[in-house]
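Have the viewer open as you read.

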Amino acid sequence: MKTLFISLALIFCFSTYNEILAQPDSSDIPNTQKTWWKEAVIYQIYPRSFKDSDGDGVGDLKGIIEKLDYIESLGVNMVWLNPIYSSPNADNGYDISNYREIMDEFGNMEDFDLMLSEMHKRGIKFVMDVVVNHSSDEHRWFKESRKSRDNPYRDYYHWWPAEKGEPNYRYSLFDPKGEAWKYDSKTNAYYLHYFSQKQPDLNWENPKVRQEVYDIMKFWAEKGVDGFRLDAFQFVSKDTSFPPLPKGYEKDVIKYYGMGPNLHKYLKELNREVLSQYDVFAVSEGAGSTFEDAHSLVDADRNELQMAYHFKGMDVGNSLEGYKLSELKEVYTTWDSAFAKKGWLSIFLANHDVPRMVSKFGNDSPEFRAASSKMLNTFILTMRGTPYCYYGDELGMTNIGFDSISQYQDIVAKNGYEKTLNEGGDIEKYMAELKFLSRDNARTPMQWNDSEHAGFTTGTPWLPVNDNYKEVNVEAEDKDPNSCLNYFREMVNFRMENPVLVYGAYELLFPDHKQVYAYTRQMGDKKMLILLNFSKEESSIEIPSEMKELQLLKNNLPEVTKQGLDLTLAPYQALIFSYR
Ligand code: NOJ
């Protein structure tokens, strides 16, 4: 159970392929209906860590504005920012105390308006994170709600009166005791928090709560945001009788907490009230536990959401043993097949809840860091689905790997540590797992140059900068034509210029190859072969003889080791060919 605390991703790692149901019926029309959000390349920014403009050690909106030319230079055309609303920061902004205000540390509404208009001027769209499964316990609604049982805001949250006895056990993902019901003596009742005690769950069964959420989303849509990322959204609808759940259910929270009884009703309402009224899209964080769940969220005919962000890829390799390439291929291939005709997926290998991409799926040793980062970016940018590129991954930023619990800032790391101690668990193992899997690994400051604190701040950064910033930084990589950064720019451009990489059919080749992930993308007479060596060994591959007129279009290394139908890929080499 301890491992559940290592990272959010781990929460979801227990579901197995067997639970993925068969692909639902779909029409014969291939998934080529064109839409701007399918063609986007999204750049995710963790605002706390991107650029500090005022020396308080915390990134802010003015800092992001300063760096918009850089973002534009990447070629990406959409930015998703983790939450920027007022928050006491128990979970770095995922605990919101005012949905219409900007967090003081990040700036103010004028900064936001300027940032948005400057993005739009550059042709960059903007995705707002919407966190409405829960609010902060410091939100006015909750402060009112806990005052008395007859307060008008009482039903904004889930309360269980103590005289009914103890509520049935609910597992909390973030609580040091793993307990999601928190007793509140003021009104002699328990409130529900699937995440930390400071993140009480909102009661979506109350129409007033839903209306509040739609109004908040309209407020931001009126300001001109282009998309919404719906945090933990699959959890919002709940069976409010809170019946007992089977023993051990917490190993598969998504199955028991996700896709609640009224979720689709609420999504249709949200679509009618907000999404259909503006030129916006919405992506659901999490997508249930089966293909059918995921489809039902994003099937265009159902008028609910537009894009699914499933966790299966992120779940691969969440242990010290690391991942198996066979598993990675299986996950991406089965999920692609499920969306071959309808619906739309996100493609990513990292975000703020998991380790750095290159440390997890590549090789962060000085010898292979750059090659493997480029190879992984080639993967993200050549798969079907909308790519989400996490800040710093364009440079090949790596895990920081803290040794002591005092170095961590993340609530999940700290509470997990406490829980492991409380339960008499193996603290050494916990610390080793944390070092590799902790969310703080991916939250260290952006590395801009080789000056103190990598040019992120003139103050003391809220989380230390990775020691490798002298080599791994924007300024140095910008000048180097062979850098990860310049390769990333080329690849983004390449995707933008080749719609086959957005809409083309995907087919896995050599499924059993132990080192190479090979696939094709095809649309009409446009055909591409992508070969990715995921290992630090040279790896051979025999190109199928029916592929004619092969032309090398992209190579992440200076040269192909040996060309011809029998090809040897260097460690972490990525090649893209066109063929007939
Ligand atoms: C998912 C977010 O990605 C994560 O960072 C956050 O802690 C939880 N939702 C709770 O809001």
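Is His310 buried or exposed? His310 is buried, because its relative accessible area is 5%, where buried means under 20%, exposed over 50% and partly exposed in between, using a 1.4 Å probe and protein chains only.

Before going further, note that this is a predicted model, in which local features need pLDDT of at least 70, side-chain atom pairs count only at pLDDT 80 or more, and totals for chains, interfaces and linings use all residues. Residues are numbered from 1 along each chain as its sequence is written, and side-chain values use heavy atoms, with hydrogens and water left out.

You will find His310 in the loop between strand 11 (307–309) and helix 11 (312–315); these are DSSP runs numbered from the N terminus, helices being H or I with at least four residues and strands E with at least two. Setting aside residues up to four places away in sequence, His310 touches Ala287, Val331, Trp335, Leu345 and Phe348, a contact being heavy atoms within 4.5 Å. The His310 side chain also reaches the backbone nitrogen of Lys312 at 3.0 Å.

Now to the ligand. It is surrounded by 13 residues, the closest being Asp91, His134, Asp231, His352 and Asp353; a residue counts if one of its heavy atoms lies within 4 Å.

| Residue | Distance to ligand oxygen |
|---|---|
| Asp91 | 2.5 Å |
| His134 | 2.9 Å |
| Asp231 | 2.8 Å |

Taken alone, the ligand exposes 290 Å², and the protein buries 100% of that.

Definitions and conventions: A polar contact is a pair of N or O atoms within 3.5 Å; within protein, one must be able to donate a hydrogen and the other to accept it, and residues adjacent in sequence count only if both atoms are side-chain atoms. Accessible areas come from the Shrake-Rupley method with a 1.4 Å probe; for residues, only the protein chains shown count as cover.
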